[in-house]
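Visitor: I would be grateful for a close look at one part of this model. Please take a single chain and describe how it is built and how it meets its partner.

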Amino acid sequence: MSYHTLQHLTVRLLFDEKFVQYVYENPDNALSGLDVTNQEKQQLLAIDRRAWGYDPLRRLRTMRTLVEEFKVSTTIVLAETKKLAFLEEFFSSQAFHQSIQERGSMGLAFADYLSERFRKGELKTPQLSDVLRLETLMARSRRNLSQKVQIPILPDILREDLKIKFVPGADVGAFQANTIATIQKIEKYLFEVNLMPAMVLCDDAPRLTNLPMVEAKKKSYLLCVPAANGVSLVNIEKADYLVLIEARSALTIRQVIERALASGVAKAKTQEIIARALEEQTLYLC
Amino acid sequence: MTKFFEKLAKVPCLGVGISGEFGSASKGIDACLLQENYPELVHFFEYGGDLERGLDEHVRRWAMTGLPTTYHFLDVNIEERVDLTKDWLVNTVEMAKEINAAWVCGDAGRWHFGRRERGHQMLMPPILCMDSVLESVNNIRQIQEESGFCCLPENPPAVIYLGEMHILEYFAEIAERADCGLLLDCAHLAIFQHSRKLSPLTGFDNYPFERVIELHVAGGTLTETNGYPYIDDDHSPEPIEATWEILEYVISRATNLRAIVYECEHNILEECLDNFVKLNQLFPFTK
């Protein structure tokens, strides 16, 4: 119904001054393709345009929650660009507007926004790519935690026609070998500046320099698992990664064995990994 | 007589209460201490809760005294059918029951945009149109039927309201169609009237005063950003004049009124005592 569209539009207008300008100056173009009636359009335009910006801290407050979730990536971005505006431009991006209009996740849209700017070459710090992928993996896993599944008791024998899948919140990823070292270095830096945030104003304040080199040829494999307060990461072997990544969608054990075999993991090893992951409830029979 | 009026006999009169949210006692007024020191001024506690944070020790402490509570939700979009999930309803009812709430209530608009997710919190009013009324009605009916609680929708605060209806007309339609009671926030109404350049008492024709179960009162401040004037619903100690005017007008007409909440928990107690006295004079509590 069109009033839902109007609500989404309201959010976009409250966050994005540029969009306000566009809507008021060229409403037909700005609102084309949206399910809003002429009457609703008139109601929108009848609002004093200054009203949309009544809360000047809205963006910053919201950015704070995004920065909390993408702490390391945003630190790299700010260290490189030296501009808060670079992050704030998110609220004028297509990723933001689309996530609001389609009732999506703003956090994941923010990850898409940063990733796109990196792909376009507007961000160049080489460590960013994998750090952002890892933070996105965790953000996605956190959001999946709310899905409810029934985890059945394991049978004595795991037949190969049984289907397996990650439990909500579990996932795997492969990252350049120094990703964790980069995260640790940045977390240490943030810890230091958080001791006295005003120190960033000083010339002799700690600076974020010499991030660990990107080791693209070596990989570290990480398993994201549900934890007491969200999700946590566990180091795993390459073979575990190659097997478990197949469980992102529901497949039979036989299918996983076949796919893992194609990636070079022996059948017995795959069976062992699956059995252990089922036991630890990283996977479940679905 | 509708179900609502049949049930009314069992809805207790709670008197004057104070609001609180997760952790509010540590930064502002502790409702238990207030009640202990001024039992004649405060009779119940309205806890504003959400699933993410749950109940805090403050409301649990209050509930242990056996004094009444109400549960004010902070995390469901009443005008959005898809937002009222089974999970939300089951867990919210569980919390409301745990503190022995007399009813559930809350701003009926949107508490978040999109899904319920960190960073999405932003209280917005409903679009004041009939389609939105109908969707809200379905949600309120479902909450009442599945929880057994009376659900009182509250008029939310905003700087921008969209839609062709007056907010009192919008909530009157909801109340009649959902057969529910109403929570009228006098401060929020004053904000609405100011935003539409209307006098404080505009729009009360045909308003179902007999369905008003609870009233809210809170302080506000006339302020401006970029030259745009608006009333900030900042819950400072002193309600603006229009809020008092609305309150007094409604009290004399709301024959089934059961409770008044003074939303002042973030302030210093001494700055709020006179208003508690005034509210008790306007709405004397008799057990």
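Predicted model: local features only at pLDDT ≥ 70, side-chain atom pairs only at ≥ 80, totals over all residues.

Guide: Two residues are said to be in contact when heavy atoms of theirs lie within 4.5 Å. On that basis, 33 residues of chain B are in contact with 33 residues of chain A.

The interface may be taken up at once. The size of an interface is often given as the accessible area lost when the parts come together. Between chain B and chain A, the buried area is about 2,900 Å², and carbon and sulfur atoms give 60% of that figure. Three residues, B:Arg118, B:Ile160 and B:Leu162, supply 20% of the area that chain B buries against chain A, more than any other three residues.

Next comes the chain as a whole. Chain B contains 10 helices and 12 strands. Its C-alpha atoms fill a box of roughly 45 × 45 × 45 Å, taken along the principal axes.

Of the contacts in chain B between residues at least 6 apart in sequence, 80% join residues at least 24 apart. Buried residues, those with under 20% relative accessible area, account for 62% of the 287 residues in chain B.

As for the surface, the accessible area of chain B comes to about 11,400 Å², and 51% of it belongs to carbon and sulfur atoms. The chain has 23 positive and 46 negative side chains. The centres of these two sets of charges lie 7 Å apart.

Most residues other than glycine have a negative phi. B:Lys197, however, has a phi near 55 degrees, a positive value in a residue other than glycine. B:Lys197 is placed in the loop between helix H8 (186-195) and strand S9 (212-217) of chain B. With a relative accessible area of 76%, B:Lys197 is exposed, because the cut-off for that class is over 50%.

A:Gln281 is partly exposed, with a relative accessible area of 45%.

Methods: Residues numbered from 1 in each chain as written. Chains lettered and ligands numbered in written order. Heavy atoms only, no water. Helix = DSSP H or I, 4+ residues; strand = E, 2+ residues; numbered from the N terminus. Buried < 20%, exposed > 50% of the residue type's maximum accessible area, 1.4 Å probe, protein only. Areas by Shrake-Rupley, 256 points an atom, 1.4 Å probe, with all protein chains shown as cover. Lys, Arg positive; Asp, Glu negative; His and termini not counted. Charge placed at Lys NZ, Arg CZ, Asp CG, Glu CD. Buried area = accessible area lost by both parts, 1.4 Å probe.
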